[in-house]
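Thanks for coming, everyone. Let me put the structure on the screen, and then I will walk you through it.

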Amino acid sequence: MEQSTKKIRVMVVDDSMLARHIIQSGLSRFPNIEVVGEAINAMDARKKLPVLNPDVMTLDVEMPGMNGIDFVKEILPVHPIPIILVSSLNLRVFDAMAVGAVDFVRKPDTNDGNDRFFEALANKIVVASCARVRRPLIRPNMTAKRPSSLSLKVGAAPTEVIIGLGASTGGTEATLAVLRRLPANIPGMVIVQHMPPGFTKMYAERLDRICKMKVKEAEHGDEIVRGQVLIAPGDKQMRVVRNGTRYTVSCMPGEKVSGHCPSVDALFHSMAENVRCHMVGIIMTGMGSDGAKGLLEMRKKGAYTIGQDKESCVVYGMPMVAHNIGAVMQQAPCENIANVLVRHLSNSHM
């Protein structure tokens with residue numbers, strides 16, 4: 001079968017000459033990617049973007065003059081280009097995601113991490129080239145807890161329902177769009193979001209500030225309880241473990257599952273195998289198929305399953321595969337998944 005030879009055209013924006021050189025040199029080893037130009041700051045990028053017409057832009061978050069966040073806000077309405085943030089361990093990356101960046105990759109702390117960095121960046125460039133650039137789901141200044149319009153009148157014990165959710169590219173804001181609509185007394189939730197180590201803790205803290213329920217990065221042995229969301233650590237596989245009538249999470253280093261650590265499949269398969277109470281599985285935006293087979297196993301064990309629809313996904317990959325193999329019972333736009341979930345829980349006589 002003849003394969004397309006069209007390369008993905010990339011523009012690199014970073015105020016550091018060394019960083020630009022390293023990124024361009026590193027990406028040159030991937031035959032499907034071509035760096036067509038670079039810019040030293042937002043103003044330079046603004047001038048070169050219409051001329052270079054790249055498919056994807058990599059962008060440093062912290063730059064002199066206009067920072068990456070303000071640049072994303074300014075440029076996307078004019079040039080809706082997929083943007084990948086290249087950032088150190090910095091909370092501001094989530095502000096840039098909130099205004100429309102597609103994904104991010106963590107800068108290596110040492111030269112020893114360059115190979116993994118370039119592999120991750122190249123993979124994200126490929127995914128971003130297929131991504132749909134969407135209007136922001138959440139306003140970036142929305143940093144305080146807001147009342148949820150949804151309510152859940154339940155008197156069940158905390159362990160009677162467990163909700164699992166998995167997401168990848170585009171999922172940081174999509175997951176937030178779901179959680180911020182949910183009431184404080186939501187049954188215990190466990191979430192895998194493909195994300196580098198370090199960022200998962202900051203992401204959990206950000207969600208905790210905005211959402212009504214408690215959100216934390218999961219630690220090995222944490223109990224799954226009502227009103228709390230556990231986010232899988234960025235470099236560990238999170239699985240659900242049953243201890244009598246209690247459920248806890250195991251968070252351990254391990255091999256990649258379905259190409260990822262943490263993996264949605266690892267979480268969902270553990271739920272299908274170990275959870276004896278009612279389950280809900282939700283699969284959201286992301287490239288590939290991670291979570292699809294696990295969600296199907298959950299459905300076979302009686303779980304209610306929800307998939308994000310094509311129109312609201314940044315990348316309709318994981319939910320599409322799950323839908324195509326029969327794992328999804330109900331498809332819904334991102335903005336309506338919370339309503340679908342609460343309606344199901346309210347009618348389930350928990």
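One definition before we start: rings of Phe, Tyr and Trp (its six-membered ring) pair if their centres lie within 6.5 Å, and planes under 30 degrees apart count as stacked, over 60 as edge-to-face and the rest as tilted. Now the ground rules. This is a predicted model, where local features need pLDDT of at least 70, side-chain atom pairs count only at pLDDT 80 or more, and totals for chains, interfaces and linings use all residues. Residues are numbered from 1 along each chain as its sequence is written, and side-chain values use heavy atoms, with hydrogens and water left out.

Aromatics, then. Phe94, Phe104, Phe199 and Tyr203 form one aromatic cluster. The whole structure has 5 aromatic pairs. Take Phe94 and Phe199: the ring centres are 6.2 Å apart and the planes stand at 75 degrees, so this pair is edge-to-face. Phe94 sits in helix 4 (residues 92-98) and Phe199 in helix 7 (residues 199-210), so the pair ties together parts that are 105 residues apart in sequence. Helices here (H or I, at least four residues) and strands (E, at least two) are DSSP runs, numbered from the N terminus. Phe94 is buried at 0%. Phe199 is buried, also at 0%.

5 strands form an open sheet in the order 2-1-3-4-5, with parallel pairing. Strand 2 and strand 5 stand at the edges with a single partner strand each, so one side of each has no neighbour in the sheet. From one strand to the next, the twist averages 25 degrees. Two strands pair if DSSP finds at least two bridges between them. Strand 1 and strand 3 pair over 4 bridges, and Met11 has Met57 of strand 3 as its bridge partner. Strand 3 and strand 4 also pair over 4 bridges. There, Thr58 has Ile84 as its partner in strand 4.

How many residues of strand 3 are buried? 5 of the 5, so the strand is largely enclosed by the rest of the structure. Both of its faces are covered. Val56, Thr58 and Asp60 are buried on one side, Met57 and Leu59 on the other.

Move along to strand 5. Strand 4 (residues 83-87) joins strand 5 through 4 bridges. Leu85 is bridged to Phe104 in strand 5, and Phe104 belongs to the aromatic cluster I showed. Asp103 is also in strand 5 (residues 103-106). Asp103 is buried, with a relative accessible area of 9%. Its side chain makes a polar contact of 3.2 Å with that of Lys124. A polar contact is a pair of N or O atoms within 3.5 Å; within protein, one must be able to donate a hydrogen and the other to accept it, and residues adjacent in sequence count only if both atoms are side-chain atoms.

Now helix 2. Helix 2 lies across strand 1, strand 2 and strand 3, at about 140 degrees to strand 2. Axes are lines fitted to C-alpha atoms, for helices over the stretch in contact, and angles run from 0 to 180 degrees between N-to-C directions. Contact means heavy atoms within 4.5 Å. Helix 2 (residues 42-52) has Ala42, Asp44, Ala45, Leu49 and Leu52 as its buried residues. Seen down the axis, they fall within an arc of 135 degrees, so they line one face of the helix. That arc is taken from the directions from the helix axis to the C-beta atoms. The face turned away carries exposed Met43, Lys47 and Val51. At the N-terminal end, Asn41 is the cap, with a side-chain oxygen 3.2 Å from the backbone nitrogen of Met43. Just after the helix, Asn53 takes a positive phi of about 50 degrees.

Strand 6 (residues 161-167) and strand 7 (residues 189-193) pair over 5 bridges. One of the bridge partners is Ile191 in strand 7, facing Leu165.

How values were computed: Buried means under 20% relative accessible area, exposed over 50%, partly exposed in between (1.4 Å probe, protein chains only).
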